[in-house]
Amino acid sequence: MSPPLKNSCPGQRPGSSAWPRRPFMMGCSPTSQPLHEVPHSRHLCPSCRCGRGVPRVGQTGWPWEGACGPTVFRFPPALCRAMSHQILLLLAVLTLSLAASQHRDQVSCKMVDKEVLCQGLSLLQVPSGLPRDIEALNLSGNQLRSILASPLGFYTAIRHLDLSTNEISFLQPGVFQALPHLEHINLAHNRLAVGTALSTGGLGPLPHVLSLDLSGNSLYSGLVERLLGEAPALRSLSLAENSLTRLARHTFGGTPALERLDLHSNVLMDIEDGAFDALPRLAHLNLSRNSLTCISDFSLQQLRVLDLSCNSIEAFQTAPEPRAEYQLTWLDLRENKLLHFPDLAALPRLTFLNVSNNLIRLPAGPPPGGEGLHAPSEGWSALPLLNPSRNASAHPLSQLLNLDLSYNEIELIPQGFLEHLTSLRFLNLSRNCLRAFEAQRAGSLPCLVLLDVSHNALEMLELGARALGSLRTLLLQDNALRDLPPYTFAGLVSLQRLNLQGNRVSPCGGPGEPGPPGCVAFSGISSLRILNLVDNEMEMLRAGAFLHTPLTELDLSANPGLDVAIGALAGLEASLEVLALQGNGLAVLQVDLPCFSCLKRLNLAENRLSRLPAWTQAVSLEVLDLRNNSFSLLPGSAMGGLETSLRRLYLQGNPLSCCGNGWLASQLHQGRVDVDATQDLICRFGSQEEVSLSHVRPEDCEKGGLKTVNLIIILTFTLVAAILLTTLATCCCVRRQKFNQQFKA
């Protein structure tokens with residue numbers, strides 16, 4: 001919207017009109033000659049009008065050099081008419097500009113139902129001329145600096161107002177009170193702390209507002225109280241990404257209905273006692289990314305979700321005698337400095353607990369003086385241990401579903417630590433210092449679905465036959481497992497995904513087949529679908545290793561020198577969809593790949609293969625990786641069955657022949673198969689230098705063939721000539737010998 005028109009010039013007398021500027025300078029003269037006859041004067045006095053006085057030099061009180069004297073003169077009528085036309089033209093132009101500005105406001109903003117979207121339009125003020133009955137107005141991402149009651153107050157039906165990501169530093173007093181239906185205000189990422197917004201009474205009373213976002217405004221302690229007014233209906237408040245260092249007792253006194261409070265990414269170091277007492281309905285509290293060091297006497301019984309991640313907390317303790325039962329179900333303490341497992345004895349409803357990225361070390365043995373939740377030994381007061389005679393349902397962590405203990409310094413799981421977590425579904429113990437893990441007791445962790453013990457130093461793994469009955473995913477990669485009991489995984493009746501990458505596990509052969517000492521049986525596990533045995537230093541994959549185990553994904557990569565016996569993958573023909581044998585140094589592939597009818601992805605990269613089995617019938621293979629092998633030809637007789645299914649082919653790093661690869665050239669030309677890096681795919685003409693496959697033309701191969709034919713003809717002619725000469729020479733020698741014998745006789 002254009003700024004309002006000014007009605008007077010600087011120094012103009014009240015009641016006088018503005019003078020239109022001329023293309024040349026006019027000024028006052030002490031003489032009585034007409035104004036148009038004084039071309040050399042420097043300034044024009046503001047009172048010089050048609051039929052009025054002429055300027056007089058020497059009088060003060062005006063911002064120009066000269067002043068107007070009493071001398072009377074009259075402008076020529078033609079000049080007056082011309083000046084009148086110019087004034088009217090100027091007024092018309094300004095009026096049209098104002099109308100055009102209002103029209104642009106209406107055209108630039110998009111309207112969906114009763115929501116107006118004006119974000120990112122470089123607006124300097126709230127647009128006028130919008131429909132009066134709009135209910136949502138989005139002005140985010142503009143250049144607003146102040147919010148005035150006009151024209152915002154015209155839109156009295158607004159419920160949602162988004163003013164985020166602007167430069168607002170001034171709020172006219174009562175600007176939001178003029179909107180009786182306003183429920184949601186977003187003032188995030190503005191400049192409320194550096195302007196006059198605080199000195200004008202802040203936001204004022206907000207009787208009907210339900211959510212308020214003040215994040216990213218550089219607010220610091222003491223200013224929040226001045227900015228927040230009475231908001232009896234406010235349920236959600238965000239003060240995130242500010243500069244708060246302390247929460248006072250009266251900070252939230254005007255928001256008694258608050259349910260969600262977001263204070264993440266401040267520098268909070270102190271929370272005064274009773275700071276949340278005025279919030280009896282507070283259920284979600286986010287204090288992450290602050291500078292808190294200790295939580296003692298935690299007493300927010302009504303709280304359900306508490307995020308304390310990314311602080312410097314060394315201890316977490318609940319109040320010794322809470323007034324009521326805690327409702328907390330979600331507690332995040334990751335990335336702190338906890339030395340011991342937190343005190344959770346008073347939190348029976350807890351379902352989610354994350355204490356990853358701390359310094360936790362669990363005690364190695366039972367506490368002295370007996371067992372119990374409140375044993376005197378340090379570090380044991382909150383461990384999930386119970387007297388076996390007590391009801392397990394009364395355990396403080398009996399409702400826990402998700403426990404994350406990753407990235408700590410745990411060396412040993414104390415006996416009984418996990419026994420009473422009867423509802424636990426997800427357990428993450430990765431990135432610790434564990435050397436052993438066992439779950440042997442029948443019914444241990446009955447609901448556990450995922451167990452992650454990867455990236456430890458595991459040497460021993462003992463899993464009972466009737467333990468972990470619901471386990472579907474077991475992650476054991478990057479440990480030191482070897483010489484495991486043969487049927488370690490056979491008792492996991494629900495296991496679907498097993499990752500053993502980076503260990504020293506050797507598979508046994510089929511049922512009844514003798515295997516090396518310490519081998520692990522992977523046959524007969526009817527539930528297993530995904531198996532990863534990458535980088536296990538396997539030397540031999542015996543026949544029948546996966547019989548009666550309907551795997552869909554099998555990764556045997558990074559086992560250099562692996563000998564894949566005939567029939568090693570027998571039993572997987574009807575189920576296997578992904579097979580990886582990358583980096584094993586295979587020179588011959590003793591796997592009848594065309595028999596695997598469901599195979600979709602095959603990785604044979606980084607081997608020494610030069611031939612493939614013939615796919616003569618249509619199969620399901622979609623991705624074939626043959627990089628860094630010894631292939632020179634991919635004949636159509638071997639690849640023809642892939643034409644209907646193959647979508648991507650990797651061939652870099654092979655000594656491909658430029659001629660004789662008719663099937664490959666056809667796929668490139670027709671575009672049915674996406675060959676990786678086609679522009680850089682290198683081929684050779686016999687023993688000549690390498691060229692780009694994309695630059696090879698059919699006539700190049702024809703010339704090469706003609707040269708070969710000519711060479712063969714020349715060699716044949718030479719050979720025949722040599723034979724004839726040799727025969728002739730032999731005959732001559734025989735004749736000469738006979739002649740000599742006759743002469744002597």
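Me: What share of the contacts in the chain with a separation of 6 or more is between residues 24 or more positions apart?
Reply: This is a predicted model, and the contacts are those in its coordinates. The chain has six helices and 39 strands. Among contacts with a separation of 6 or more, residues 24 or more positions apart account for 49%.

Me: Which stretches of the chain have a pLDDT below 50?
Reply: The mean pLDDT of the chain is 81, with 77% of the residues at 70 or more. Over residues 1–73 the pLDDT is below 50, although this stretch has 111 contacts in the model beyond near neighbours in sequence. Where pLDDT is low, predicted coordinates should not be read in detail. The pLDDT is also below 50 over a stretch with 23 such contacts, residues 384–393.

Me: How many residues are in the chain, and what percentage of them is buried?
Reply: Buried here means under 20% relative accessible area. The chain has 745 residues, and the buried percentage is 43%.

Me: Which element gives the largest share of the lining of the largest pocket?
Reply: The largest pocket has a volume of about 660 Å³. Its lining has 27 residues, and the closest to the centre are Ile271, Asp273, Phe276, Ser296 and Asp297. Two elements give two or more residues to this lining, β14 (270–271) and β16 (294–298). The largest share, five residues, comes from β16.

Me: How many residues of that lining are nonpolar, polar and charged?
Reply: Asp273 and Asp297 are among the residues closest to the pocket centre, and Asp counts as charged. Over the lining of the largest pocket, the division is six charged, six polar and 15 nonpolar.

Me: What separates the C-alpha atoms of His264 and Cys310?
Reply: His264 is in the loop between β13 (260–262) and β14. Beyond four places in sequence, His264 is in contact with residues including Ala240, Glu241 and Arg289. His264 and Cys310 are 46 residues apart along the chain, and their C-alpha atoms are separated by 9.5 Å.

Technical notes
Residues numbered from 1 in each chain as written. Predicted model: local features only at pLDDT ≥ 70, side-chain atom pairs only at ≥ 80, totals over all residues. Heavy atoms only, no water. pLDDT = per-residue confidence, 0-100. Contact = heavy atoms within 4.5 Å. 1 Å grid on protein atoms, 1.4 Å probe; cavity = no way out; pocket = protein on both sides within 12 Å on 5 of 7 lines; lining within 4 Å. Points joined across faces, edges and corners; volume = space filled by probe spheres on them. Helix = DSSP H or I, 4+ residues; strand = E, 2+ residues; numbered from the N terminus. Buried < 20%, exposed > 50% of the residue type's maximum accessible area, 1.4 Å probe, protein only.
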